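The sequence and structure come next.

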Amino acid sequence: PNSYAGRRKTYDYEGQEPTNSPPAGYIWTNASEAGVSVRNYGYWAENFPKPAPAGERQIEKVRDPMLAPVTDMNYRAFDLDYSDVDRAREFIADLHRFEAAGSLPQLLLVRMGNDHTNGTTPGKRTPLALAADNDQGVGMIVEALSHSRFWNETAVFVIEDDAQNGPDHVDSHRSPCWVISPWVKRHSVNSDMYNQTSVLKTMEIMLGLRPMTTYDAAARPMLSVFNSASSPEPYSLEKPRTSLTDINPARSATAAASMRMRFDDADEIDDNQLNAILWAAIKGPGAPLPAPVRSRFAH
């Protein structure tokens, strides 16, 4: 709360500051204590400064002792200069290894962060290119899972990091969530009131885990998105409709503001300022529609 209120700007919520850790731990703590197998891709991990070639070690250390032995050390953590498509390729290579072994960990944690964007920093990829790279990486993972031997027992929950920092055209409290599985209702948009603890609660039910706090204990599970029968048809990846490699120009109206921001971690920028930069960059200067706000009284 003090971070979102603007009273401090240090991002130290991934093991750097012990007082930030919840008493009950995290979803992987819950799983490990219950004997549920876990595989981690990119969470609580520190990269080597320079990316290694594909298939080689990218991670210098993992800050959580429970995550460290189950982390794919070849999967690069948060780094906006590294492609989410390359992250997906490493995930798929690991998936093929699990297929060859005949078993897959029960809980997979996959972090793909390039839709945070670099704003309009000159020489960096454009906001639309980074978002498209993120979409393509997610699609590659879903396609690979849907063609794997594990597909009929798989459910994928895709949620947006920090969605509360960017209101959409309806309400600043809502965020997209994709649930992908042979057991979900196809071609359906579900508007039931679920939240992030609903995602945790649903995963806990599937994995046979106890609740961690009163929040996930009381959360509404996402039962209405599922069917009682499986539709195991695989997903086919679409080709990108947006360039994954477009670069921000050297000069733009928002270049200087973007250059003053820190993009080396996920939450080191001013949210409102970056939202305004992204709106101007995507909608163009003099956009006929104003950027959405959190309320009538405050940005």
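## Nonpolar cores

The largest nonpolar core has 27 residues, and the members that touch the most others are I27, W28, L107, L109, F157, V179 and M222. A nonpolar core here is a set of buried Ala, Val, Leu, Ile, Met, Phe, Trp, Tyr and Cys residues joined through side-chain atoms within 4.5 Å. Buried means under 20% relative accessible area, exposed over 50%, and partly exposed in between (1.4 Å probe, protein chains only). At least two residues of this core come from each of helix 1 (27–33), strand 3 (59–62), strand 4 (107–110) and helix 4 (196–207). Y41, A132, W151 and V156 are included in a second, separate core of 18 residues.

Beyond its neighbours within four places in sequence, V179 is in contact (heavy atoms within 4.5 Å) with V156, F157, V184, M222, V225 and F226.

## Basis of the values

The model is predicted: local features need pLDDT of at least 70 and side-chain atom pairs count only at pLDDT 80 or more, while totals for chains, interfaces and linings use all residues. Residues are numbered from 1 along each chain as its sequence is written, and side-chain values use heavy atoms, with hydrogens and water left out.

## Overall fold

The protein contains 7 helices and 6 strands, in the order α-β-β-β-α-β-α-β-β-α-α-α-α along the sequence. Helices (H or I, at least four residues) and strands (E, at least two) are DSSP runs, numbered from the N terminus.

The C-alpha trace spans about 55 × 45 × 45 Å along its principal axes. Of the 299 residues, 41% are buried. Among contacts with a separation of 6 or more, 69% are between residues 24 or more positions apart.

## Positive phi in two loops

T117 is not a glycine, yet its phi is positive, near 70°. T117 lies in the loop between strand 4 and helix 3 (127–146), and counts as buried because its relative accessibility is 4%.

H187, also not a glycine, has a positive phi of about 55°. The loop between strand 6 (177–180) and helix 4 holds H187, which counts as exposed because its relative accessibility is 85%.
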